[in-house]
Amino acid sequence: MSTWTVALVHHVANLVLAAPGVPDPGQGEAPPFAGPFMTVLRWGVYFALGGGVAGFVIIGFRMTIQHKRGEGGNHAGSLVIVAFGCIVIVSAAAIVTGLIGTT
């Protein structure tokens, strides 16, 4: 090991040994606006995911029409974009729910 890694390990070990003096912040509590904010967030997620379902339906309709006309469809990109949008919506809602601490 080089000297800087030995020094780093030494300092980390000293910090770990000093850890009992660190105060415990506890579980925390939700801010006063958490209830109305979560209501607005749930409504937003509801409508956004409804838009995602509508996007899948529209892409399916376009695929049907273009297949009937004999045209090749490059719809995989559209499907990936809509699916990624739905994943982002659900992830954002899960992150905010985790930060607020309410269900």
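Valine 45 touches Ile89 and Ala93, leaving aside residues up to four places away in sequence; contact here means heavy atoms within 4.5 Å. The structure is a predicted model, in which local features need pLDDT of at least 70 and side-chain atom pairs count only at pLDDT 80 or more, while totals for chains, interfaces and linings use all residues. Residues are numbered from 1 along each chain as its sequence is written, and side-chain values use heavy atoms, with hydrogens and water left out.

The protein chain holds three helices and zero strands, and along the sequence it reads α-α-α. Helices (H or I, at least four residues) and strands (E, at least two) are DSSP runs, numbered from the N terminus. Among contacts between residues at least 6 apart in sequence, 67% join residues at least 24 apart.

Val45 also belongs to the largest nonpolar core, whose six residues are Ala34, Met38, Leu41, Val45, Ala93 and Ile100. Both α2 (34-68) and α3 (76-100) supply at least two residues of this core, and α2 gives the most, with four. Such a core is a set of buried Ala, Val, Leu, Ile, Met, Phe, Trp, Tyr and Cys residues joined through side-chain atoms within 4.5 Å. Buried means under 20% relative accessible area, exposed over 50%, and partly exposed in between (1.4 Å probe, protein chains only). In soluble globular proteins, nonpolar side chains tend to be buried together.

Turning to α2 itself, its buried residues are Ala34, Met38, Leu41, Val45, Gly52, Gly55 and Ile59, and what covers them includes α3. An α-helix has 3.6 residues a turn, so residues three or four places apart point the same way. The 35 residues of α2 should span 51 Å at 1.5 Å a residue, and the end C-alpha atoms are 50 Å apart, which agrees; the expected span is 1.5 Å times one less than the number of residues. Just after α2, glycine 70 takes a positive phi of about 85°.

What of the surface? Buried residues make up 13% of the 103 residues in the chain. The chain exposes about 8100 Å², of which carbon and sulfur atoms supply 73%; areas come from the Shrake-Rupley method with a 1.4 Å probe. Tryptophan 4, in helix α1 (residues 3-17), counts as exposed because its relative accessibility is 60%. Trp4, Leu8 and Val12 form a nonpolar surface patch with about 340 Å² of accessible area together.

Methods: Patches are made of residues with over 30% relative accessible area and no salt bridge: like charges are joined within 9 Å, nonpolar side chains (Val, Leu, Ile, Met, Phe, Trp, Tyr) within 5 Å. A salt bridge is a side-chain nitrogen of Lys or Arg within 4 Å of a carboxyl oxygen of Asp or Glu.
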